[in-house]
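Subject: Handing over the structure, with notes

Dear colleague,

Here is the structure I promised to pass on to you. Please have it open while you read, as the notes below go through it piece by piece.

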Amino acid sequence: MEPQTPNRQGNFPVSMSNIDIEAPPTSPPAATSPEQLVRRRRGREEEGGNYSAKKYVKKRLPILKWLPAYKIGDIVPDTISGISVGLTAVPQSIAYADVAGLTPEYGLYSSFVSCFVYIFLGSCRQMTIGPTALMELLVYETCGENFPKCVILVGFYTGCVQFLMGLLKLGAVVSLISDPVTIGFVGGASLTICSSQIKSFLGLTGAKGDGFLDSVIKAIENIKTAKLGDSLLGLGSVIFLLIAKNMKDYIKSPPPLVSKLLWLLALSRNAVVVIIGAGIAASLSTSPFALTGAVKKGFPPVSPPQFNLPPFSNSTGNSTSDLNFWETWQELGTAPLTIAVISILQNVAIAKAFGSGQSIDATQEMIALGVSHVVASFFSAMPTAGSFTRSAVNEASGVRSPFGGIATAALVLFALSFLTEWFQYIPKASLAAVILCAVLPMIEYESLWPMWKVSKLDVLTAIVTFLASLLLGLEYGIVIGVGVSLAIYLVRPVRPKVEWTIVNAEEGEGRGSPSRSSSVDRLLSAQEGEKEGGDSIPSSNSIKKYHLIKPEQGFSFPSVDAIRTKMNKGALNHPQIKVIALDCGNMISMDYTSASALSSLVKALKKTGKSLVFIRCQEEWLEMMRNVGLKEPEFYNNLEELTLKRFI
């Protein structure tokens with residue numbers, strides 16, 4: 001047998017004489033007309049288009065992903081989770097309606113509508129959408145007391161903004177709000193909410209304050225009107241809520257039945273404290289507490305929001321006719337945008353906190369919130385967002401899908417239909433206690449010390465945001481916080497941190513330990529002081545030493561002057577060292593200004609007999625320096641190569 005040689009593709013040909021294969025009948029290929037080719041291509045494009053459309057629809061309707069995989073065994077845990085959330089949602093919704101300056105039924109309307117919508121559009125199974133203290137405080141600062149038409153319209157516009165942001169994929173906007181800004185803003189909002197509840201907690205008479213300072217001042221002015229019954233009930237409710245929440249953590253190794261009861265008590269503590277307060281008030285012929293009052297029964301009226309609002313209470317004009325569309329927008333100002341961004345921020349934060357193992361899509365959360373707000377505005381609902389408290393209850397109850405929202409919505413509807421006559425007996429002090437225990441843990445004061453150890457400027461950002469939110473209002477607080485955060489981000493490159501070492505090429509180590517500072521002036525001054533004190537560097541050894549400079553971040557135009565000044569100062573303070581090595585290992589970018597500055601510095605140092613060389617410098621940066629006039633920049637791949645070629 002003759003040896004075989006590989007064909008042009010590198011494969012050895014198969015010898016048909018060694019393999020018994022029945023050859024298929026051959027037939028001439030059918031002629032393909034240009035019309036048939038075009039038809040086939042169109043078919044493939046239509047098939048690909050249908051596939052892309054299906055994929056997009058599934059992405060924007062997450063229910064199409066989890067519903068086909070839903071099992072009968074998931075119904076029970078989802079139902080238990082939904083009821084557990086409902087036991088928290090009902091009393092909180094009633095309480096948060098008071099924060100927004102509305103009657104309790106508006107809080108309940110907001111709870112069930114949002115739950116239904118999120119089942120279809122939500123991407124996080126633990127998420128529970130509904131009224132929150134922060135959202136309703138923002139609404140109250142815009143609309144004031146007892147102005148439901150304004151609240152509903154703000155919710156509608158908020159939804160429009162969120163839906164538009166989702167379509168434009170503006171999730172990056174949330175990235176502009178850093179953690180220090182969020183911590184400061186939420187802390188300021190929490191104290192503002194607490195101050196708004198002083199009146200109900202103590203049973204004070206008089207007008208409700210507008211903002212933190214006004215609420216505190218009015219509470220002090222009216223402190224003599226405090227009622228003993230409300231004060232004792234409020235204090236007792238807070239103590240009960242704290243004990244019920246933490247009792248399961250302090251009782252070690254309880255029996256299984258006791259453990260279950262403690263867990264159930266912790267989950268339903270808000271409902272229990274409200275039921276106890278209402279029971280006490282209903283059992284007495286004359287209630288010693290300020291009560292919630294009558295609550296409207298039944299399903300909410302279905303109608304579009306009213307776009308032409310009556311004049312606001314703080315309007316300067318004397319007209320009594322309704323405002324037109326543009327006048328209404330002027331009164332609302334930036335409130336819909338602010339509420340939209342804060343609502344998105346809450347949802348994304350909750351999705352990240354509880355969404356381990358799930359695909360979290362910030363754009364989808366924007367769309368879900370937007371549609372939820374628009375739909376809910378037709379059912380007289382307030383603006384809503386994800387709730388940390390209720391989402392934590394959902395997670396602890398073992399929820400398996402967004403289907404648990406149906407049980408929550410059903411429980412809220414049940415309360416609206418059959419329990420409203422009992423809601424009138426709920427003491428306002430009990431609701432104030434529920435709100436206080438919900439918002440006070442949101443103040444993350446424990447984060448300040450770790451933040452201080454990492455970055456003192458971030459602590460400054462958090463404090464400025466906190467004070468601005470507390471004293472100037474939440475809308476100003478978030479804007480000022482973002483402005484300070486961005487300003488610090490832009491200023492940091494102006495004074496970059498630089499690692500500066502004097503390296504002995506013979507020994508391969510630096511003189512002393514490397515110094516990391518926003519300014520190397522102290523190090524250079526110390527080295528100069530050593531030299532003047534008698535510990536001077538012998539000239540015979542100076543030839544074998546060089547400066548090693550390592551910027552911490554990119555070398556761009558804001559940092560050019562600072563780094564160039566430090567290089568010049570180092571060269572002047574150590575005239576006997578002739579080589580300055582710039583380690584580019586940490587650098588991620590270079591622009592025209594920095595390339596031009598380095599080129600000029602190389603030429604200036606060369607005139608004084610010194611050399612500026614580059615270590616681990618990317619080829620594109622070297623090319624940039626060549627383009628600005630530095631013909632042959634001296635560069636080395638690593639420090640070993642520098643030592644071998646320059647000093648040995």
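Helices (H or I, at least four residues) and strands (E, at least two) are DSSP runs, numbered from the N terminus. Please keep in mind that this is a predicted model, in which local features need pLDDT of at least 70 and side-chain atom pairs count only at pLDDT 80 or more, while totals for chains, interfaces and linings use all residues. Residues are numbered from 1 along each chain as its sequence is written, and side-chain values use heavy atoms, with hydrogens and water left out.

Of its 648 residues, 46% count as buried, where buried means under 20% relative accessible area, exposed over 50%, and partly exposed in between (1.4 Å probe, protein chains only). Among the contacts in the chain with a separation of 6 or more, 78% are accounted for by residues 24 or more positions apart, a contact meaning heavy atoms within 4.5 Å.

Ser 391 is a residue in helix 17 (residues 388–396). Is Ser 391 buried or exposed? Ser 391 counts as buried because its relative accessible area is 0%. Its side chain has a polar atom 2.7 Å from the backbone oxygen of Ser 387, and a polar atom of that side chain also lies 3.3 Å from the backbone nitrogen of Thr 128. Leaving aside neighbours within four places in sequence, Ser 391 is in contact with Gln 126, Met 127, Thr 128, Ile 350 and Phe 354.

Another serine, Ser 231, lies in helix 11 and counts as buried because its relative accessibility is 19%. The side chain of Ser 231 reaches the backbone oxygen of Lys 227 at 2.8 Å. Although Ser 231 and Ser 200 are 31 residues apart in sequence, their C-alpha atoms are 8.9 Å apart in space.

The buried residues of helix 13 include Arg 269, Asn 270 and Val 273, and what covers its buried residues includes helix 3 (75–99), helix 11 (228–250), helix 12 (256–267) and helix 20 (428–439).

In the loop between helix 20 and helix 21 (448–454) you will find Ile 443. Ile 443 and Gly 188 are 255 residues apart in sequence, yet 8.2 Å apart in space, C-alpha to C-alpha. Not counting residues up to four places away in sequence, Ile 443 touches Gly 187, Ser 190 and Leu 191.

Finally, a nonpolar core is a set of buried Ala, Val, Leu, Ile, Met, Phe, Trp, Tyr and Cys residues joined through side-chain atoms within 4.5 Å. Which residues touch the most other members of the largest nonpolar core? Of its 89 residues, Cys 150 and Phe 423 do. A second, separate core of 23 residues includes Met 567, Leu 598, Leu 601 and Leu 612.

With best wishes

Definitions and conventions. Polar contact = N/O pair within 3.5 Å; in protein donor to acceptor, adjacent residues only side chain to side chain.
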